[in-house]
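Here is a short report for a first look at the model. Please keep the sequence and the structure in view while reading.

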Amino acid sequence: MIVGITGGIGAGKSTASEIFAFLGVPIYEADFHSKNLLDTDKELQSSLMELLGTDISKNGLIDRAKMASIIFSNNDLLEKANALIHPKVANHFKEWLSLQDFPYIIKEAAILFESGSYKNCDQVIVVTAPKDLRITRVMARSGISREEILARMDKQWPEEKKLELANFIIQNDGNASLIKQVLKIHKSLLNN
Amino acid sequence: MMTTKEPENKWTQLKTFVTEGSNRVKFYFILISVFLWFLSKLSKDGYTAVVEFPVKYVNISADKSFGRIPNDKIKVSINSPGFTILKYKLRSFSSLKIDLSKVEKKLDPRNSYWLTNSDLSLIDNQLDPEVEVRSISPDTVYFDFNKLVKKKVAVRLKLKEAFSKDLGIYGKPILKPDSVLVSGPESLISKIKFLETEPIELKGDKPSLKKQLDLVLPNGKGLSFSVEEVDVSLEFSKMTEASMSIPIEIVGLPEKYKLKLFPENVKLTYKVAIRDYEKVRASDFRIYTDCSDIESNSDKRYLTLKSSNYPDFIESIHFDPKRVEFILSAK
C-alpha cells in the first residue's frame, strides 16, 4: 500500500515521516530523490539543458537555484521541466517500491497534490499547521523573509483543498502530540 | 490739629521730666536699678526654656547614606541660668552634631529610629556646662538609611536601526572601558543591570569607526560612576545569512534507556561575515536536551532544547524547533 504524506511549507511533514520511519515504515523522500536524480542522471541533465539552456549547468551539475529562477517565472517551462523530471522520479520510485516488504510505505512529497502523484497513492496523509506558525518555523530554520515564504505558499495548493482530499490529517500546531497521531494512523493502516 | 499736637506735648513734658533738674538723676537711678535687678535675676539658675537648634548628622557609616534626610532641627528644653538662655535665644549657634556612630548602635535594625530622650547626654555635652537638658523634641527621629554598595556593570553599545541589510559589525565592538564601577544606594544599584551608550547611527560608509560616546546614566540620588563616557571601536564587514543542520545532543539520560527524538536535528540559521563564512563548522555549535529528570516527569511530552558554544564571530542565531517530541524505551 502506498501512503502519500504531504503538507505545506513548514507544516512538519518530515518530522511526521521520521516517526513513521521509527516504527519501521519504509519512507520514500521524493524531493530528496528528485534532487539526487538531477545530480546523477546524465540523460535528465541533457534534456533539461536542452530545454532551459546550458547556463543551468555548473561544474557538471544542474544549478538548482538557477533552474528554479527560470521555471518558476515561466509556467510553460515549469510544466515542461516537470514532464521531464516526474517520470524519472516515478520510475525510481517504482524500482524502490519493488524492494519493500512492509505492509505499507510512505511517500513523502512537498507537491504530492500539485504534481498529481497523489493519484497513485492508496491513502494520503496531510500534515497541517496554522499559517502563522508555519511561517515562523520556516523563518527560523531558513532565515528567508516572510514575503518570500508567502510567495512560496502561493505556489502550493491551498491548505483547505489538500485537506479535502486527505484520508488522514495530522495537526502539527504544537499542542497535539505528533507521535500519538502517527501511532493512531499507523495502527489504522496496518489494520487496512 | 488739636489731636496731633497733644502727643507732642506729652512727649515734650516727659523729656523735660527726665532730662531736667533732680528728676534726671532719679530717672538714671531707676534705670540702673532695673538693669542691676535684671542682671541679678538672669545670673540665677533655674530658668527653663525651649531652644531650637539646627542639627547635623555626622559619622554615618561608610556603607550607608540617607534616603530621606531626617529632621534638620530639634527643640531642646533646657534648664540653665538666664544669661545662658538669653545667649542661646539671641545668637545663632553652629549646629548640634548627632554622632551616628554612637546613635546607630542603639537603633532598631528594622525601623531605624532614635529615641532622642534616651540620649540626652549626647546633646548635653555640646552645650555649656551650666546647662541641663531636660527633654528633646521630637522624641523620635526616623532614619531612612540606604545601604551603599559598589557594582561593576557592563557597558553595552546602543545602535540605531540597522544601517544596511548586508553590512554588519565585524566581531564584537571594542568598548574602553567595557565596564563601569557604579556606587550608590543598594536599592538603586540593584536595578542597574548594564549601562548603555548614547545611540549611535552607523552609516557603514567607512570600513571602521572610532568614537567617544556618552553613557546614558540613570538618575538617582547618591549614584556615582567611575566613568561617564567610553571609547568605541567598530569594524564593518559584509554579512551573509547561512544555515546548517545540527544534531541534538542528549545529556543526562539514565543508562537503562534509549531515546529517540523527533526531529533529531535542528535547523540553525545565523549571520556571519563573508570573510568568516568558511570558518563555521557544525561542531562550533551545541544544541542539547537535558534528560536527567526524565524519569520523574513521566507525563512529559516534549523535551526543551538548549544551546551553547556559539562562536563569537556569529550573530543573529536562531534554531528551530525549540522543543522536540520523543520516544523513551528500555534498552
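## Lys147(B) and its surroundings

Leaving aside residues up to four places away in sequence, Lys147(B) touches Asp63(B), Lys64(B), Gly184(B), Pro185(B) and Glu186(B). Contact here means heavy atoms within 4.5 Å. This is a predicted model: local features need pLDDT of at least 70, side-chain atom pairs count only at pLDDT 80 or more, and totals for chains, interfaces and linings use all residues. Residues are numbered from 1 along each chain as its sequence is written, chains are lettered from A and ligands numbered from 1 in the order in which they are written, and side-chain values use heavy atoms, with hydrogens and water left out.

Lys147(B) sits in strand 8 (residues 144-156) of chain B. Helices (H or I, at least four residues) and strands (E, at least two) are DSSP runs, numbered from the N terminus. Gly184(B) is 37 residues from Lys147(B) along the chain, and their C-alpha atoms are 7.9 Å apart. Buried means under 20% relative accessible area, exposed over 50%, and partly exposed in between (1.4 Å probe, protein chains only).

The size of an interface is often given as the accessible area lost when the parts come together. Chain A and chain B bury about 1,400 Å² between them, and carbon and sulfur atoms give 57% of that area. Buried area is the accessible area (1.4 Å probe) that two parts lose on being put together, summed over both. Chain A brings 16 residues to the contact, and chain B brings 17 residues.

How many salt bridges cross the interface of chain A and chain B? The rule finds 0. A salt bridge is a side-chain nitrogen of Lys or Arg within 4 Å of a carboxyl oxygen of Asp or Glu. Polar contacts do cross the interface of chain A and chain B: 5 residue pairs, both at pLDDT 80 or more. A polar contact is a pair of N or O atoms within 3.5 Å; within protein, one must be able to donate a hydrogen and the other to accept it, and residues adjacent in sequence count only if both atoms are side-chain atoms.

On the side of chain A that touches chain B, at least two residues each come from helix 1 (13-22), helix 6 (131-142) and helix 9 (178-191) of chain A. By class, that side of chain A has 7 nonpolar, 6 polar and 3 charged residues. Ala, Val, Leu, Ile, Met, Phe, Trp, Tyr, Cys and Pro count as nonpolar, Asp, Glu, Lys and Arg as charged, and the others, Gly among them, as polar.

## Two domains of chain B

Chain B is divided into domain 1 (47-142), domain 2 (147-238) and domain 3 (239-330). These bounds come from an automatic or database domain assignment. The centres of domain 2 and domain 3 of chain B, taken over C-alpha atoms, lie 32 Å apart. In the contact, 11 residues of domain 2 of chain B meet 10 residues of domain 3 of chain B. The two domains bury about 720 Å² between them, 43% of it on carbon and sulfur atoms.

Between domain 2 and domain 3 of chain B there are 3 residue pairs in polar contact (both at pLDDT 80 or more). Strand 15 (229-251) of chain B and strand 9 (167-169) of chain B each give two or more residues to the domain 2 side. Strand 15 of chain B has the largest share of that side, 4 residues. By class, the domain 2 side has 4 nonpolar, 2 polar and 5 charged residues. The rule finds 1 salt bridge across the interface of these domains.

## Salt bridges

Side chains of opposite charge can pair when their charged atoms come close. Over all chains, the whole structure has 14 salt bridges.

| Pair | Closest N and O atoms |
|---|---|
| Arg134(A) and Glu159(A) | 3.4 Å |
| Asp128(B) and Lys87(B) | 2.2 Å |
| Glu235(B) and Arg275(B) | 3.5 Å |

Arg134(A) lies in helix 6 of chain A and Glu159(A) in helix 8 (residues 159-165) of chain A, so the pair ties together parts 25 residues apart in sequence. Both Arg134(A) and Glu159(A) are buried.

Lys87(B) is partly exposed, with a relative accessible area of 28%. Glu235(B) is partly exposed at 38% relative accessibility, and Arg275(B) is partly exposed at 46%.

Chain A also holds a network of salt bridges, which links Asp41(A), Glu43(A) and Lys88(A).
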